[in-house]
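Here are my notes on the structure, as numbered points. Please read them with the model open beside you.

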Amino acid sequence: MSQAFVKESDEQWLHEVQPTLNALVVYLTRENNGVRVYEVKTYPDPGDGREVHVMSNGLSYAKDDKGTWYIVW
């Protein structure tokens, strides 16, 4: 009789993604069921000057002081 096992989730959260644009693209593409997500434009946030990346999935992302990605609202 074979023994079945449950694999732990490969799920990754946005705040766990490395602080590089390439890592963000890979993560977003994986979350988008393999449909490539790419950067549409970049601009400095008028409030704090952080670089904001507008992505093809319709959302914008930036990094906080610790280099952690977050969604810009």
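1. How many of the 73 residues of the protein count as buried? The share is 25%, where buried means under 20% relative accessible area with a 1.4 Å probe, protein chains only. The accessible surface of the protein is about 5,700 Å², and 52% of that belongs to carbon and sulfur atoms; such areas come from the Shrake-Rupley method with a 1.4 Å probe.

2. On the source: this is a predicted model, in which local features need pLDDT of at least 70, side-chain atom pairs count only at pLDDT 80 or more, and totals for chains, interfaces and linings use all residues. Residues are numbered from 1 along each chain as its sequence is written, and side-chain values use heavy atoms, with hydrogens and water left out.

3. The protein contains 1 helix and 4 strands, and along the sequence they follow the pattern α-β-β-β-β. Helices (H or I, at least four residues) and strands (E, at least two) are DSSP runs, numbered from the N terminus.

4. The 4 strands make an open sheet, ordered β1-β2-β3-β4, with antiparallel pairing. At its edges are β1 (39-44) and β4 (69-72), each of which pairs on one side only. On average, neighbouring strands of the sheet are turned by 30° against each other, direction ignored. Two strands pair if DSSP finds at least two bridges between them. Strands of a sheet pair through backbone hydrogen bonds.

5. Next, the two hairpins. β2 and β3 pair over 2 bridges in the antiparallel sense, and His-53 has Tyr-61 in β3 as its bridge partner. The hairpin they form has 4 residues between the strands, and Gly-58 in the turn has a positive phi of about 90°.

6. Strand β3 (residues 60-63) also pairs with β4, over 4 bridges. Tyr-61 has Ile-71 in β4 as its bridge partner, while Ser-60 stands opposite Val-72. This hairpin has 5 residues between its strands, with Gly-67 in the turn at a positive phi of about 85°.

7. Where does helix α1 (residues 21-31) lie? Helix α1 lies across β1, β2 (51-55), β3 and β4, and runs at about 30° to β2. Axes are lines fitted to C-alpha atoms, for helices over the stretch in contact, and angles run from 0 to 180 degrees between N-to-C directions; contact means heavy atoms within 4.5 Å.

8. The buried residues of α1 are Ala-23, Leu-24, Val-25, Tyr-27, Leu-28 and Thr-29. Their cover includes β2, β3 and β4. After α1 comes Asn-33, with a positive phi near 55°.

Conventions: Buried < 20%, exposed > 50% of the residue type's maximum accessible area, 1.4 Å probe, protein only.
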